[in-house]
Every structure is written in structure tokens, then in C-alpha cells.
Amino acid sequence: MENNPIHRLIRHLGKNKNKFKYFKAPGRINLIGGHTDYNDGYVLPIAINRNIAVAAKYRTDNIVEVYSLDFNEKESFNLNETVYNEDSEWINYIQGVVKFLQAKVVKGANHDIKGLDIYIAGNIPSGAGLSSSAALELAVAEAFNSMYNLNFTKQELALISQQAENEFVGVSCGIMDQFISALGEKDNGLFLDCRTLDYSLIKLDFKQLKIVITDTKKKHSLVNSAYNDRISECNKAVKYFNSKLDKPVSKLRDVSIADYQRHKNGLSETIRNRAEHVIFENQRVCKTRDALKNNNLKEVGKNLLESHNSLKNLYEVSSKELDLLVDIASNLDGVYGSRMTGAGFGGSTINLVKESNLKEFEKEISINYKIETGIEPELYILESSEGSTQIKI
Ligand code: GLA
């Protein structure tokens, strides 16, 4: 897992390595902004130094043949006949990207896409909530974009990848994961307005600080259905506020804290809680952006913890393992903040830990989590990284 995936591809291809071009796209953590993206709100993710890498070589026919080093599996499909493959989950992300890239190309510049031979390797732990699927989409999108001179912008590649996930794979995710995988930058977080897609890079002054991911190692099967339930609960809140406010409300983004306070009592408890989380979480993202700019890490940490409690108590997407990890971390010295990251129901927490307290942090988390759950948690110390790109070898 630790191995650099580009190096693994090069080793695997041996004497043929120069016949290929290489691309990579990162996974992500979301510093703050949980479940705000599909409500047209704000998020503040960071691209991480764990990637999916792709080696690609031209073909003259319409076949895309893909070999995954990690799964030791080969799959192929015809560019013009992308059909959901029930037997191999991962190939569908690639089929989806290729399908929607082509759809855009035909309407636009009329370039001709042919097939590719593709090899894939990665070091993003899957199931940890670090967005290995968005990274796969972006790495493949970069490869086609560059090799067939399609001239899509990074933002367009992110949108095409999201469309692939929504409409081909069938997961109703927001834009955050694809956007940060395409447009992240080293030493920066990215503040994104998910409605306008305006964004700004926020310098991370994390010299004596480490980003530590603690993986619960527990995946809950509910994640997809619960995610869709949350989307429909937010839509119910939108409908309600639209009927109450004298301005159009198309997403919870349109409801201010004052609007919420004035009208919240007409909502059922569950819908009120969901709306309250989203509306205040948007405010916390803005506060965190400002605190990062002022290098006020205490304030950043406070917002992270508030975000976690809100995701736990109001949005109800946490799990007892995630809560336990946040609880242990919050009581340790040198921890600025801790919260669940990603969709929830398992996956990981993100922790901002003083470098001088790192050893103790690792020890205490591992021991205490194991005592309570019987599970050895996995810890990853991560760095920020650049977004999707070609790699010259
Ligand atoms: C998943 C989705 C994202 C976002 C997060 C929750 O990672 O892919 O679009 O909604 O959950 O913040």
C-alpha cells in the first residue's frame, strides 16, 4: 500500500515502460463541510499524497482494456457500448468517465477518441472514506483528455467524473471529491462554493502539525441508502422553506441562519435537525477558512469538533466507532481537532496533531480503540498534495 503507484506501474511494465504515458490523481480528506456539497454549500477539502496512477498506451480500435495491479484483474469494453458491468465494480467508474467524456466531445470540438490500453495501481486505502473512486475517475479522465487532446479544463473533468458516478455507477455524490482530486494543490486546502464552483486555495501553515487519519476499519452497509435518505430529507426542508420565505429556495444553501431560526418550529424534529446541521455547517466552513488564514489552529480545531458533534447528533451519519475515535483523540494532548471525514457510517476520522505529540497519539489511539472494540485501527500520516496530473518518467 505504501508503495508509490507510479513506480509500481513502471516496474510492472518493465522494458515496455516507455511506450506508456503516466497520470495520477489523489484521494482527499475533507477538513470541514460534511454533507454540504449536495446542498450547494461550502466545503474545505485537501488533496492527499495517496493516489491512483494510470499508465496508458494508444490503441487504434475502439477497445479500452484495463488491468488492475491491485485486484490482479483484467476487464475490457468497447467505447461505443458502455454497459454497466455487474461482475466488476471498479471498471464501471472507468466506463462512466469514458461515456460522458465522449458525450461532451461529440457536442464540442469533434475530436476522435479511440481505445487505450490502461494499467492501474493505487495506494489509497479503499473503504477508509478517502475517495479512491474519485481518484480513479480523475486519473482516467486525465489520461483520455491528454492523450486525445480533448482540451477539457480540470473543472470540466471533475464534472464529467461526477456525472459518471451519479449516472453510470449510480451513486448520488456531490461535487467535492472529484473537484479536489482535480484541482487540489500541495500545501493548500481548497475552499469551494459548491453552487458556483468558485474556489480559493487556503495556505496550510502546518509546519509542526500532522494530519493523521484514523481508520475505524469498520464499514457499515447502510452508507448508500442512508446517503440517499439524507438527500431526500434535505429536499423536504427545502420545500418547506420555499413555502415560508419570500425568495426562491432551491437548496438549503438559500436558507440563512436567521431564516432558519424564524421558521424552524414548523418542521418535524428529524427534518429540522438535518437542516440545522447543513445551515450551521456552512457557517463553520467559512469560520474555518478565516481561522486558517489567521493561523488560528485552536479555532480550526473547535470548528472540527463542533462539526463532528453536529454530524453525530443532528445529521446522524456517524457511528459508535467514529465517535469513539473522536472522543479518545479529543482528550489527548497536542490534538487541535478531530472529526469524521467523508460520508460517514464507518470510514475514518481526521485529526490535527502536534508533531511533538504524534508518538503518544498513535499509541493511545491504538490501545484505547482496541480495548473498546477489539479492532486494531489503521493510522495514516498524510501530507497535502497536488491534484490530477501527467507524470513524466
Ligand atoms: C461523500 C460524497 C461527497 C460528500 C461527502 C459528505 O464523500 O462523495 O460528495 O457528500 O460524502 O460530505
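Reply: On the H6 side, the contact is made by Arg 230, Glu 233, Cys 234, Lys 236, Ala 237 and Phe 241, and on the H8 side by Thr 270, Ile 271, Arg 274, Ala 275 and Val 278. Sort the residues of this contact by class and you get 6 nonpolar, 1 polar and 4 charged. Keep in mind that this is a predicted model.

In case you're wondering about those two numbers, a packed pair of helices is described by the angle between the axes and the distance between them.

Now slide along to helix H9 (residues 297-313) and H10, whose axes come within 11 Å and cross at roughly 155°. Angles over 145 degrees count as roughly antiparallel, so H9 is roughly antiparallel to H10. The crossing of this pair, H9 and H10, is left-handed. From H9, the residues that make the contact are Leu 305, His 308 and Lys 312, and they meet Leu 322, Asp 323, Val 326 and Ser 330 of H10. The class count for H9 with H10 comes to 3 nonpolar, 2 polar and 2 charged residues.

H10 has another partner to look at. The axes of helix H10 (residues 320-330) and helix H11 (residues 358-373) come within 10 Å, crossing at roughly 140°. That makes H10 oblique to H11. As for handedness, H10 and H11 cross in a right-handed way, while the crossing of H9 and H10 is left-handed.

Which residues of H10 and H11 meet? H10 brings Glu 321, Leu 324, Leu 325, Ile 328 and Ala 329, and H11 brings Phe 361, Glu 364, Ile 365, Asn 368, Tyr 369, Glu 372 and Thr 373. Split by class, the contact of H10 with H11 has 7 nonpolar, 2 polar and 3 charged residues.

Then go to H10, with H9 roughly antiparallel to it and H11 oblique to it.

Notes
Residues numbered from 1 in each chain as written. Predicted model: local features only at pLDDT ≥ 70, side-chain atom pairs only at ≥ 80, totals over all residues. Heavy atoms only, no water. Axes fitted to C-alpha atoms, helices over the stretch in contact; angles between N-to-C directions. Helix = DSSP H or I, 4+ residues; strand = E, 2+ residues; numbered from the N terminus. Parallel < 35°, antiparallel > 145°, perpendicular 65-115°, else oblique. Left-handed = near helix turned anticlockwise from the far one by under 90°. Contact = heavy atoms within 4.5 Å. Nonpolar A, V, L, I, M, F, W, Y, C, P; charged D, E, K, R; others polar.
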